[in-house]
Amino acid sequence: MSRLSVSLKEKFLNGALSITLMSVLFGFLLGGIIMLLAGFNPLEAYWVIIKGIFSRPKYVSYVIIYSTPLIITGLSVAFALRTGLFNIGAEGQYIMGALAAAAAGYYLKLPMVLHVLAAVGLAVLVAAFWGGLAGWFKARFGVNEVISTIMLNWTALYISNWAITIESFGRQGTGKTYAIQPSAHIDIVGQWKRTPEGIAFLREHPMLWDILKSPVNLGFIFALLLAALVWYILNKTTLGYELRAVGHNPQAAEAGGISVQRSMVVSMLIAGGLAGAAGAFQVLGVSHRIATLAIMEGYGFDGIAVSLIGNNSGPGCVFAGLLFGALKYGGSKIQDVMGAPTEVINIMIGIIIFFVAMPKLIRMILAYRKRREQS
Amino acid sequence: MKKIRVALSAVLTLFFITGLLVVGQAATMKIAMVTDVGGVNDQSFNQSAWEGLKRAEKDFGIKVAYKESKQDADYAPNMETLTDAGYDLIWGIGFLMGDAIKETAEINPDQKYAIIDFSYGDETPQNVACAVFQEEEPSFLVGYIAGKMTKSNKVGFVGGIKFPLIEKFEYGFMAGVKLANPDAEVLRQYAESFTDAAKGKAITNNMYQQGADIVFHASGGVGDGVIEAAKEKGKWAIGVDKDQNFLAPDNVLTSAMKRVDNAIYDIGKRLIAGEFAGGETVVYNLKNDGVGIAPTSDKHVPAKILIEVDDLVAKIKAGEIVVPATKEAFDKF
């Protein structure tokens, strides 16, 4: 082999993208072997999944809808990680954002666009506070953010469940809140498609009708904008430079005149606000209400995985979120078609993360040790 | 590197080839169900529903399938997926799916749906059948047994989350206790969960400590803890939904059975006969074997009491006793 191809090979093997792609491939291969061991034909399963994702426009639309909150919680985790903080609290921040958006969407009386802005704004504020709290605990008292955010997750869950029991907010006997007002919806023709005229018109346009059977909404566009915003803040602004400097080496950043404590709080404020926006878009565009949570739904926890697979970058989170959404939506289809357990899909996702995380884990440990030695 | 590329393209080609194949539609009738977040092995009503479908599969030679929901947002897409798969009837198991079924049914007017534990009343779409239960009736019967068998004159009730549905169990049970033993006291507590078994155990232990000797639960997975506590303390527990005696054969006195399986089977049978109950709400009670007490009750309950229970069943069927299902009705009972 020539020297050029050797260096290309090295480049390929060492690049972050290739590690990710290889991990995904390994995930599919090992997932297939596990399915084989469980007595199912993996090729048939993958075919069912692929068909379940691409064979109809509606399915693609559902994948995008499933991906939207995951992309944004992924951005939240990624943002905090760049400042060296591990935001396990995206779940709780998501819950607080969803709660605030549901309350604002139901109680406030505002014209259309303004209502959406108010609901999203309130959700971002409340969730930013929830995230910032953990950042402030860390900056002021040195409380590890992993511990405080896990605690805040449960606090958020119980606050949300309690709020649903309030008589004017929760619809008695359904375990859900009243639906938000139409002026706060971000659905695309959500009202019209349920009217008799809407159904009559759409019956003549089967392609359009198929797409509109899913709760098509503007959330994904907002997610893309947020991804761009995160990339811009981190890479093109002074604030982003400071936050990243703290993430790389807090001592050096401090010596360079950057306030580490302030950076921690700001980073968690922004991370919390992002996760809150994810909850808000889900409520305004898909569910239109919140429900009593028997368990954590996992939007925030999945965000950790999305961030890892997406290499903690804005654009990376978009692709990782789409992959995750596709696996979650398409993967569940092997259950009714083949009678195969959906756990196989979770195992596959786990394997992908395992392989993605391994080289990074090693890199992280090395960076941590280096930092320890320096201090 | 080259090998990987070859393998990758081979896999991709396979996907495309298989993707081009077309599957034929099966001619037999197909019924599917969407579980709530409890999953299909919840020892409770999702599992009971699936048993009903399996029985229908065996008896009528139909094809059945289920799809589990992991989160609230899965209900609607799961309904859509099954709608596309061409099932003749799609079940939603549990009242939490009320909104999802109605919304899906409105945009798919040609597809038949059915829901357990929820009624839209007059607003029921023509393509939706509702199945509800009179849970207060079996609760009344097990309450009567508890009232007759308590030695401490104290019994307990553990509820899941305080929904009107669970209150039907609560007040039916209290009415039964009151009829059998007016002096007996009923300790009541809600666990604010349907999954937290540890909490169920703590509440039940607390009730036993306060002197109760029989505890009835209507709390899904929380009940595992209730029965566990009975087993450890050597006291009685009363199961719910299914015959839960198998969980602790020496400590589960009886169970208030809610035959979700019978409802699923029955509505499936009507569909096959061409008499789908679209737009209707079918009520399942003692009269049509939709509810009852567990067949294993004769293991621990004296025959004399069971004869009295049979007498009560006859009276309820004849309408001589109307079992209260709400606080207001109980206060007048």
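Predicted model: local features only at pLDDT ≥ 70, side-chain atom pairs only at ≥ 80, totals over all residues.
Figure 1. The contact involves 39 residues of chain B and 40 residues of chain A.

**Figure 2. Salt bridges and polar contacts between chain B and chain A.** The interface of the two chains holds 8 salt bridges. One of the salt bridges joins A:K58 to B:E80, with the closest N and O atoms 2.7 Å apart. Between chain B and chain A, 14 residue pairs are in polar contact, both residues being at pLDDT 80 or more.

**Figure 3. The side of chain B that touches chain A.** At least two residues of this side are supplied by each of α1 (2–20), β2 (63–67), α3 (75–84) and α4 (98–107) of chain B. The largest share, 7 residues, comes from α3(B). By residue class, this side of chain B comprises 21 nonpolar, 7 polar and 11 charged residues.

**Figure 4. An open sheet of 6 strands in chain B.** The strands follow the order β7-β6-β8-β9-β10-β12, and their pairing is mixed. At the edges are β7 (185–190) and β12 (291–293) of chain B, each of which pairs on one side only. From one strand to the next, the twist averages 15 degrees.

**Figure 5. Pairing of β10 and β12 in chain B.** Strand β10 (residues 252–258) pairs with β12(B) in the antiparallel sense over 3 bridges. B:M257 has B:G292, in β12(B), as its bridge partner.

Conventions. Residues numbered from 1 in each chain as written. Chains lettered and ligands numbered in written order. Heavy atoms only, no water. Pairing = 2+ DSSP bridges. Helix = DSSP H or I, 4+ residues; strand = E, 2+ residues; numbered from the N terminus. Axes fitted to C-alpha atoms, helices over the stretch in contact; angles between N-to-C directions. Contact = heavy atoms within 4.5 Å. Salt bridge = Lys/Arg side-chain N within 4 Å of Asp/Glu carboxyl O. Polar contact = N/O pair within 3.5 Å; in protein donor to acceptor, adjacent residues only side chain to side chain. Nonpolar A, V, L, I, M, F, W, Y, C, P; charged D, E, K, R; others polar.
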